[in-house]
Amino acid sequence: MSITAAILGFGGYVPERVFTNRDWEELVDTTDEWIVTRTGIRERRFAAPDEATADLAENAARVALEEAGLDGSDIDEIIVATDTPEVYTPDTAAFLQDRLGAGSIPAYDLGGSGCAGWLQAIDVARARIALHPERILVVGVELISRIISWKERETCVLFGDGAGAVVMGPEGGTAKVLDVVAGTDGSKAGILTLSTGGTRHPFNQEAVTSGAYNHLTMNGREVFREAVRRMSEAAREIIERVGASLADVALVVPHQANQRIIDAVGKELGVEPDRMYSNIASYGNIGSATVPFALWEARRNGRIRPGDLVVAAAFGAGFHWAAAAVQF
Ligand code: UT7
């Protein structure tokens, strides 16, 4: 059975500070030319020192609530997808519930799924809405600047900070989530990981001394291959599930990790570049915030119009992947 849920409001937020490829040239052995050619990224936003996850999440959430014409007190549940939470425990959703003045509602994080987290979260939300006709705030938020090594050129230049949000409900709004597909290959957990800080490798003096305590590590080439394969497969599967064809899709919104990955997915699907959404030049990879932020932005800049069928696809640490069909 396919369960549809409505999107009542979209929101997005990125911090003010622009960090360019030239800024990275000052810090690591890289060049603007290498970063642009290999990734398509020209700049990204970084949070100010006094900003943290709940700040970005709150800003995006307020934009989505405003479009929905709702207050925090009208929300029945909050799900936050993030791998970079406000604190280790409790979860970011608890801080957000308090800040938005929401009632004593369920609020919880979906963490650890990397960039696929927000699509997994809207899948959970639509199932919850089918059980109880409620309004759920679903946020994707990331401050990846806080978990990269600022010395490792292989990873640091790829990421940025930002947040995206939607308010979902049983009906109304401007869009409908028609269906979501998702999957996991845990045998590839090691290809993209921040392994210190959990119970296997606790955050202790040894971790601090070795300098390996707070850094995302990745096998770039393998992540690249898996990303293209899994996003393409997931996009095809969701299109089939909703009884559409690629020709019916007005816009594909892929996770923004590398312009070459976006191009390869387009090629694999046979979708021409102007139907593949890209904002990677301005923001880099903002993790679980990427897809909701892009949906918000694409509506604002007219790339998504009423009547459009949009397919969003993402991959992330896990190795996880997911895709959604959204009818505007
Ligand atoms: O949300 C998921 C996040 N991660 C991803 O999606 C990453 C997916 N992978 C990729 O996007 C690409 O694999 C990268 C952008 C990470 C790397 O691009 P690549 O074309 O696969 O390059 P490579 O790893 O094969 O490295 C080529 C060269 C190497 O030098 P040598 O061995 O040829 O001398 C690297 O050391 O480029 C070097 N290199 C750099 N040079 C300048 C790696 N990073 C940099 C850099 N600046 N920032």
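Colleague: What is the distance from an oxygen atom of the ligand to an N or O atom in the side chain of Arg-221?

Modeller: This is a predicted model, in which local features need pLDDT of at least 70, side-chain atom pairs count only at pLDDT 80 or more, and totals for chains, interfaces and linings use all residues. Residues are numbered from 1 along each chain as its sequence is written, and side-chain values use heavy atoms, with hydrogens and water left out. A polar contact is a pair of N or O atoms within 3.5 Å. For Arg-221 and an oxygen atom of the ligand, the distance is 2.6 Å.

Colleague: How much of the ligand does the protein bury?

Modeller: Accessible areas come from the Shrake-Rupley method with a 1.4 Å probe. Taken alone, the ligand exposes 960 Å², and the share of it buried by the protein is 76%.

Colleague: Which element gives the largest share of the shell around the ligand?

Modeller: Helices (H or I, at least four residues) and strands (E, at least two) are DSSP runs, numbered from the N terminus. Two or more shell residues come from each of helix H2 (32-39), helix H6 (153-156), helix H8 (220-241) and helix H9 (259-269). The largest share is four residues, and the helix that gives them is H8.

Colleague: How many residues surround the ligand?

Modeller: Among the closest are Thr-30 and Asn-285. A polar side-chain atom of Thr-30 is 2.6 Å from a nitrogen atom of the ligand, and one of Asn-285 is 2.8 Å from an oxygen atom of the ligand. The number of residues that surround the ligand is 23.

Colleague: In S13, what is the bridge partner of Leu-309?

Modeller: Strand S12 (residues 309-316) runs antiparallel to strand S13 (residues 320-327), and eight bridges join them. The partner of Leu-309 is Gln-327.

Colleague: Where is Phe-319 found?

Modeller: The peptide bond from Gly-318 to Phe-319 is cis, with omega near 0°. Another cis peptide bond joins Thr-89 and Pro-90, with omega about 5°. Phe-319 is in the loop between S12 and S13.

Terms used:
A residue is near a molecule or strand if one of its heavy atoms lies within 4 Å of it. A polar contact is a pair of N or O atoms within 3.5 Å; within protein, one must be able to donate a hydrogen and the other to accept it, and residues adjacent in sequence count only if both atoms are side-chain atoms. Two strands pair if DSSP finds at least two bridges between them.
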